[in-house]
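Work through the exercises below with the model open. Each task is followed by its solution.

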Amino acid sequence: MSIIIDGMDQNSTNLPHCKQMQKSDSNLWHFRTHLTGCIVHGHQSYVFLDFMQWPHDPNLTIQVLCQVIFDHFNNLVTKSQPLPRKLFLQLDNTARENKNRCVLSFLSLHVHKGIFEEVELGFLMVGHTHEDVDAMFGNFGKWLRIHNAYTVPGLLQGCKEANKTVGKQCSMPVTTEKHYKRWNEDKWEPEGQQDLKLLKTLPNGCPNNVAPNSLKIDLEALSRAISKYQCLDEVDRKWWTDFIEELKESFVSPAPEPEQWLLSKVQDIVENASATTQSMGQPSLPDQLLKRHMETTESIPEVNPAVQR
C-alpha cells in the first residue's frame, strides 16, 4: 500500500472565490479554508477540508492516515481482496506536522498491532513541484482561474470536476526494527540489529478529540462581509447564514468522544480477514504470487541458444 499526503496553498481557496473579483469585494473579509490531499496509488484519491479550526500538527496527519487506511481496508474487504502487509508513506519534510516523534510512534503502532508487517516512510525533498498531489491541486488551481466557487460545496465540487479520479472528500505484537537514511541512495542506519525504541508501552483505549479553536475564524466579520458581497445571490447568502450558525454551534457543543479509535477498527478488520482466510483454507498472498510465478515459468518454452544463433 503506497500513500502520499500533502497540503494545498492556503491562499488560493479563500471563500467566496471569484475568477474576477470586483474591487468592492476584494477588501472584504474572506473565509479561509485548507485542503489536504491524499493519494492511495492505484486505488483512490482523497481531499480533506478544514476551516483552520484544527491545529496543523501531528494530529492532522494522524487523523488523515486513520481515515484513509480504514476506508481503504474496508473497500478491499468488500471486494474480497487481500489486505496489504507493507505500507509505503510519503510526507512533506516538516517537523511541525510529519517529521516528529508522534507520527513515527503512530506508524510504529501499526506494526506492533499487526496491521502492517513493515512501514517505510520517506520525506519529500525541498522543491518537490512534480509529485502527484501537487499535480492534483495544480489541476484544481487551473479550474479556479476560470470558475467561481462561492460556497464550501461549490469548492469541493470544483475539486472533483478538476480531478476526475478524486472519489472521497473527505494479533500478537511483533518486534520491529527502525532504521533511517538521509538520502535514498545511502545505506540504512544503524547497521546490525540495533532497535530504535519509540514506544515504551502500547497505548490503550481511545484518544480524546482535539477541541476546535475559533481564534482564526472571525464569524462576526464573516457575517458582515457576506451581507456586502455583490457576487453572492440570495441562495448563497442563505447557505452562508446557516453555515455560520452551524460553526457557532460546533464551537459551543463539540462532537462527542468516539467509543472506538479508528486504528482499533482497522485492527479488527485485519484480524477478521485473517481468521476468515484461515477458516477457508485459502493460501496467503505470497503463496498466491509464488504459485502464479511458477505457472508462468512452466508455460515458457525453453530456447536453445545454438539454434537461435
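Axes are lines fitted to C-alpha atoms, for helices over the stretch in contact, and angles run from 0 to 180 degrees between N-to-C directions. This is a predicted model: local features need pLDDT of at least 70, side-chain atom pairs count only at pLDDT 80 or more, and totals for chains, interfaces and linings use all residues. Residues are numbered from 1 along each chain as its sequence is written, and side-chain values use heavy atoms, without hydrogens and water.

**Exercise 1.** Determine how H2 and H3 cross, and which residues meet.

Step 1. Helices are DSSP runs (H or I, at least four residues), numbered from the N terminus. H3 spans residues 101-112.

Step 2. The H2 and H3 axes come within 9 Å and cross at roughly 25°. Angles under 35 degrees count as roughly parallel, so H2 is roughly parallel to H3.

Step 3. Pro58, Thr61, Ile62, Leu65, Cys66 and Ile69 of H2 meet Cys102, Val103, Phe106, Leu107 and His110 of H3 (contact: heavy atoms within 4.5 Å).

Step 4. These residues divide into nine nonpolar, two polar and no charged.

**Exercise 2.** Describe H2 and what lies at its ends.

Step 1. H2 covers residues 58-78, 21 residues in total. Its first and last C-alpha are 30 Å apart, close to the 30 Å expected at 1.5 Å a residue.

Step 2. At the start of H2, an Asp57 side-chain oxygen comes to within 3.0 Å of the backbone nitrogen of Asn59.

Step 3. After H2 comes Ser80, with a positive phi near 60°.

**Exercise 3.** Find the angle between H4 and H5.

Solution. H4 (residues 132-146) and H5 (residues 152-162) pack at about 120°, with axes 8 Å apart.

Technical notes: Helices (H or I, at least four residues) and strands (E, at least two) are DSSP runs, numbered from the N terminus. The expected span of a helix is 1.5 Å times one less than its number of residues. A polar contact is a pair of N or O atoms within 3.5 Å; within protein, one must be able to donate a hydrogen and the other to accept it, and residues adjacent in sequence count only if both atoms are side-chain atoms. Angles under 35 degrees count as roughly parallel, over 145 as roughly antiparallel, 65 to 115 as roughly perpendicular and the rest as oblique. Ala, Val, Leu, Ile, Met, Phe, Trp, Tyr, Cys and Pro count as nonpolar, Asp, Glu, Lys and Arg as charged, and the others, Gly among them, as polar.
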